[in-house]
Amino acid sequence: MEVIAGWTHKAFPIDDASRIGEARRHAAQAVAEMAWNEVDAGRVALVVTELGTNLLRHARKGRLLIAARPQMHELEIVSIDQGPGIENLALSMQDGHSSGNTPGTGLGAVRRLADAFDIHSSVPEGTVCVARVREARGRGAGEAPGAQRLHIGALCLPAPFESVSGDAWAATVSDEGDAFCVLLADGLGHGPEAAKAGQAAAEAFAETPQRDLRDTLQQIHQRLQTTRGAAVCVLSLDTESGRIAWSGAGNIIGRVLSGTFDKSIVTQHGTAGMQIRKPETATLELPPHALVVLHSDGIETRWHADRVRGLLQKDPTLVAAVLLRDHTRHRDDATVVVLRRKEWR
């Protein structure tokens, strides 16, 4: 069993050229801490510069979200804007189509420099894209454990003016790579004390691998009794059978949706660490090409499934980015975790 430690993104609103430099320096520091070589660090700098310049020149309310993923030997850069969108996405990806006087040649350069790249744009809503740059030593082994059977995408952002997130998420993967378990916890409130609760939930979760979900929830509840408490959901997914199961307490929101299917993941009332009823487990068989979405209450509850149905076969991080862009409450920590089983049969 291997634990995937959930990553948190740092957001950089791109409203001035100096913010691109700030984002680039943050990325440089992140890869230096992972001891990357100069060539890979240079690729990161070019990707951040190109995406940031695109936002500054062509977009409204653009943001770069950056997260280190040491277990995958990667840095993830997510670009989000609120319009005007790209009318001819294929043209924008062609060589020679540049955003201006930049070191690369627009989105085509980003796609070449990155080890993983995906993009979605609609007019007038805007554009979201994700680029992952992988260290040379991690290529060929850089994907998350079990990635050949499951796509995981996640965005986790602190509340405005906070440096840490009270949300936390994590995942475990069986040694065979066919059984996954995911935690999403939302510490009450926000700020450092909420972060302590979220982190305590993640630590308790990592110590109870592949156990019955009810036992896992009970263990988390006991651990959080020295904290302010948290809303918690633990969800397992068997890629062989395509069945999910979940247990939780509090206002973690979940949806399972496909082109023709839409069902909510409902957890019981209560707060882990304070008061919960006897944990219960529910199960569901996934329809083909389904997404499993979990998010904290920093994201509005009532979002329309049609917002993401066109992204069923896209990188799950793009789904998380669209939900974050269109439905953030802007007053609390916000986390979205998206799972998609690969149709590997």
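Q: Which residue in β11 does Leu-237 stand opposite?
A: We're in a predicted model here, where local features need pLDDT of at least 70, side-chain atom pairs count only at pLDDT 80 or more, and totals for chains, interfaces and linings use all residues. Residues are numbered from 1 along each chain as its sequence is written, and side-chain values use heavy atoms, with hydrogens and water left out. Strands are DSSP E runs of at least two residues, numbered from the N terminus. β10 and β11 run antiparallel, joined by 7 bridges, and the residue opposite Leu-237 is Ile-244.

Q: Why is one side of β1 and of β16 left without a neighbour in the sheet?
A: The open sheet has 6 strands with antiparallel pairing, in the order β1-β8-β9-β10-β11-β16. Strands count as paired if DSSP finds at least two bridges between them. β1 and β16 (282–285) stand at the edges, so each has a single partner strand.

Q: Which residue lies over the face of Trp-7?
A: A charge sits over a ring if NZ of Lys or CZ of Arg is within 6 Å of the ring centre and within 35 degrees of the ring normal. At 4.4 Å from the ring centre of Trp-7, that residue is Arg-69.

Technical notes: Helices (H or I, at least four residues) and strands (E, at least two) are DSSP runs, numbered from the N terminus.
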